[in-house]
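Hi,

Here is the structure I promised to pass on. Have a look at it first, and my notes follow below.

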Amino acid sequence: MQCHRLTCALLVIACSNDGGVPMDDAGPGLVTLADRCVQGSNWRPGNPIFVERTEAWGFNALDLRGTRLSVLDFDGDGFEDLFVRRGDGPDDFRAGGDRNRWLLRNREGAGFQDVTEASGILSNRNPDEPWRGRLGSVMAAGDVDNDGDIDLVTLVSLPRDPDNGDRHEVMLNRGDGTFELGPEDSPLRQARTAVPAGLSLTDVDRDGYLDLWITHNMLGSSNSPLRDELWRGDGTGRFFEIGRSLGIDTKDWNRATVADMNAALGNSWAWSSAACDLNGDGIPELLASSYGRRPNHLWLGARDEFGRLLYENHSVASGYAYDLDQDWTTNLSAQCFCADQPTAADCDQVPRPNPQVCDGLRQSFGPNYRWHHPSGREAFNLGGNSGATTCADLDSDGDLDLLTGEIVHADVGSNSDAAEALLNTGEAPLRFQRPGNQETGLYRDHRGTYWDEGIMTNAVIDFDNDGFLDVFLGASDYPNNEGLLYHQHRVGKWRLVGLEDYFDNNRNHGVVVADFDNDGDVDIVVGTSRMRCSGAMGGDCYSPPRTRIFENVLGNENNWIQLDLEGGVHANAAAIGAQVTVRVPGSSQIQEVDGAHGHFNTQSDLSLHFGLGPHCEAEVEIRWPDEELSIQTFKLQAGYRYRIVQDRAPEATIP
């Protein structure tokens, strides 16, 4: 066990069958914990994983109907709370008023209590409207002022007509689970144009203060999205835009050439955000996934010869912008267009379509179908309708991969990117490969010839604590779409779990996972959409579209550890961006503390959960997000949650 820069500590393992140290051999200063090791077993189909607790844990009584879901422990009691949102608002806290967002306090695993109004999390700056919840499109949780509790940053779409005065805000935690509005003079509040689709807290320069990565969609009256932005934090709740000075700059579509657009040099049409260190150099990469078949963006961070932080547009070179299938001739609208205009450029390469198909597309989309021949054949129009991108070590090889969400329509053809795993090759510069869903097992069987697939949200979850990440894909907005759970049965290979072993969730939109009852296994919360639920398309929709929670009931058939990290003097206190590697004989896992990501924002638990399978202990390496990238290494015993403050030894807590 090696130590680098910082002190190592050892927690002695009472269970010795996995190489642990017997209690009698514990030396001075070493901590001995009760043995909680279990023999370990492999999950098999036919063993139900989840039981619904929506009614028992108070969701139905609160009439929760949100799809934007975030995990946070805002009151610091060790039980994970929830922020559930349905759009931007509004919220009227008067009796009988309409509600769209709920901050839910976890009552120590016994259910959830609505504390939205009492907490002040949606307070506005108008003293004449104390009953009105402030609007907000996206939110992210972290310790902005490094005082030891969780604050929130919320962003709103601007301008608004009428203008009610709501702006981007930082909500500072008073330390008792209530919030106050942050600095009124923050430059972030001066923004007058914004369509935020994603917000990620990160610390790009590792100065110990959280920064903001903001990705934008398109104003309703515009034909170009807004430019994505990076804002530097100073630890007081104030933020200052620095993106362009670091090289993060793209072109308005009206000024971009076709070559610019193909190279992902135009603005993203953002539908989500992410910030994570994908190449292990300690500088977070910044990601924006794009709607409308436009290229996804990936900004690669690096230091120049003078040590200055710079970002490079690495979207296409990394393989994240779009996949390699750019055969536009499989698009049925293109085929119908070429049947009508056979002398148009490249139409001699296109298969003849079924005339009845063309009649149907013409009725739905007009005489040009949904096809623009001059630009439809270009790479910038042959990507995906990209939702959430999640950073995770999907194949347990020690680096972070990407799990994407995409909307796909059968008539568009094979050139439309599908939701899939992008595996990090470990090469320099950063590059991903797309083995494909048939190869990984993450494929979907579609019903009928013409189908729509709306996978906009996703999550990774080790539901059986075997040490390998399982995958949940949230498919919504169209008939026959539902939440899909895949079990990783061997490294990099998944199988679809039967509904009898998890739960039915038609039109699933929104998912978060956490150990809400602190029993050592991971539970799940899902949202439900009512989009396209009228008429013939709504036969499989739920009414009302409840937010639902499911308890993991597999029990602790495998071993696990959980880690609550707190950064030291030179790192952000929430330890966002810290990377933790957990090693057991024969395998390793890496996770990064999440500062929010995804489609109009979700946020993973700041506490990290690692399944260990049959192993009674694990070697844990923490790379802290400070200037030195300080490293601590511990050997930790299974079956406990540990609070680890940088520079100190772990403290075991009892779940």
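To start with a detail: which residue stands opposite V526 in β31? V511 does.

Before the rest, some ground rules. This is a predicted model, where local features need pLDDT of at least 70 and side-chain atom pairs count only at pLDDT 80 or more, while totals for chains, interfaces and linings use all residues. Residues are numbered from 1 along each chain as its sequence is written, and side-chain values use heavy atoms, with hydrogens and water left out.

**The whole chain**

The chain has eight helices and 40 strands (DSSP runs numbered from the N terminus: H or I of at least four residues for helices, E of at least two for strands). Its radius of gyration is 25 Å, close to the 26 Å that the globule rule gives for 655 residues, so the chain is as compact as a globular protein of that length. That radius is taken over C-alpha atoms, and the rule is 2.2 Å times the number of residues to the power 0.38. Along its principal axes, the C-alpha trace spans about 85 × 60 × 60 Å.

Of the 655 residues, 62% count as buried (under 20% relative accessible area, with exposed over 50% and partly exposed in between; 1.4 Å probe, protein chains only). As for contacts (heavy atoms within 4.5 Å), take those between residues at least 6 apart in sequence: 59% of them join residues at least 24 apart.

Two strands count as paired if DSSP finds at least two bridges between them. On the β32 side, I524 has F550 as its bridge partner.

**An open sheet**

Further along there is an open sheet of four strands, in the order β36-β33-β39-β40, with mixed pairing. Its edge strands, β36 (608-613) and β40 (651-653), each pair on one side only. From one strand to the next the twist averages 25 degrees (axes are lines fitted to C-alpha atoms, and angles run from 0 to 180 degrees between N-to-C directions). β33 (residues 559-566) and β36 run antiparallel and are joined by five bridges; N559 has G613 in β36 as its bridge partner.

**N106**

N106 lies in β7 (residues 101-106) and is buried, with a relative accessible area of 1%. Its side chain reaches the backbone oxygen of F516 at 2.8 Å. Leaving aside residues up to four places away in sequence, N106 touches D77, F79, E80, D81, G111, F112 and F516.

**Helix α5**

Seven of the nine residues of α5 (residues 332-340) are buried, so this helix is largely enclosed by the rest of the structure. The buried ones are L332, S333, A334, Q335, C336, F337 and C338, and they pack against α6 (355-365) and α7 (373-376). N331 caps the N-terminal end of α5, with a side-chain oxygen 2.8 Å from the backbone nitrogen of S333.

Cheers

Terms used:
A polar contact is a pair of N or O atoms within 3.5 Å; within protein, one must be able to donate a hydrogen and the other to accept it, and residues adjacent in sequence count only if both atoms are side-chain atoms.
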